[in-house]
Amino acid sequence: MKLRPAVLVLFAALALALAACGNGDDGAPDPGAVVVEATEFAFDPATVSIAADTDTDITLDNVGVVEHDWTIDEFDIQIYAEAGEAITETINVPAGTYEIYCSIPGHREAGMVGTLNVGS
Ligand SMILES: [Cu+2]
């Protein structure tokens with residue numbers, strides 16, 4: 001038996017629709033990636049929750065007007081972005097709760113602090 005052309009077109013349309021659903025076009029966040037916006041003087045979000053022992057891409061999107069960084073002392077993590085830059089680095093850390101801060105002089109005191117929650 002041969003499939004009629006109209007049936008083939010329908011299958012093709014279904015395949016495209018399914019592919020569109022699977023590639024993140026629905027806007028759902030990628031669990032392996034986090035975007036943090038830096039401004040004067042805050043991180044948004046300030047609290048970041050990620051999985052333990054899992055490669056996670058952290059993007060520091062500096063939408064402010066001066067340089068900022070996203071620093072965690074325990075692991076010598078420091079993601080630095082000039083004003084207008086977005087810098088991505090991959091981190092992989094064990095379960096725990098860690099302080100995040102901006103190490104540019106005065107910024108931590110001005111409020112550029114946050115918390116990294118790493119689930120087990
Ligand atoms: Cu800063």
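Strands, like helices, are taken here as DSSP runs, a strand having at least two residues, and they are numbered from the N terminus. The structure in every view below is a predicted model.

View 1. Pro45 lies in the loop that links S2 to strand S3 (47–51). The peptide bond that runs from Asp44 to Pro45 is cis, and its omega is near 0°.

**View 2. A cis peptide bond between Glu40 and Phe41.** The bond from Glu40 to Phe41 is also in the cis form, with an omega near -5°. Phe41 belongs to the loop between S1 and strand S2 (42–44).

**View 3. The open sheet to which S1 and S2 belong.** Four strands make up this open sheet, in the order S2-S1-S4-S7, and their pairing is mixed. At its edges are S2 and strand S7 (86–91), each of which pairs on one side only. From one strand to the next, the twist averages 25°. Where S4 meets S7, the two strands run antiparallel and are joined by six bridges. Across this pair, Thr56 stands opposite Ile91 of S7.

**View 4. The largest nonpolar core.** This core has 14 residues, and those with the most contacts inside it are Val36, Ala38, Phe43, Ile58, Leu60, Trp70 and Ile79. Two or more core residues come from each of strand S1 (33–39), strand S4 (56–62), strand S6 (77–81) and strand S9 (113–119). In soluble globular proteins, nonpolar side chains tend to be buried together.

**View 5. The surroundings of Ala38.** When residues up to four places away in sequence are left out, Ala38 touches Phe43, Leu60, Asp61, Asn62, Val63, Gly64, His68 and Ala81. Two of these partners, Phe43 and Leu60, are listed together with Ala38 among the residues that have the most contacts inside the largest nonpolar core.

**View 6. Asp53, a residue with positive phi.** Asp53 is placed in the loop between S3 and S4. Although Asp53 is not a glycine, its phi is positive, at about 55°. Is this residue buried or exposed? Asp53 counts as exposed because it has 10 C-beta neighbours inside 10 Å, and a residue is called exposed if 12 or fewer other C-beta atoms lie within that distance.

View 7. Asp76 has a positive phi of about 50° and is not a glycine. With 7 other C-beta atoms within 10 Å, Asp76 is exposed.

Notes: Residues numbered from 1 in each chain as written. Predicted model: local features only at pLDDT ≥ 70, side-chain atom pairs only at ≥ 80, totals over all residues. Core = buried A, V, L, I, M, F, W, Y, C linked by C-beta atoms within 7 Å. Buried ≥ 20, exposed ≤ 12 C-beta atoms within 10 Å, placed from the backbone. Contact = placed C-beta atoms within 7 Å. Pairing = 2+ DSSP bridges. Axes fitted to C-alpha atoms, helices over the stretch in contact; angles between N-to-C directions.
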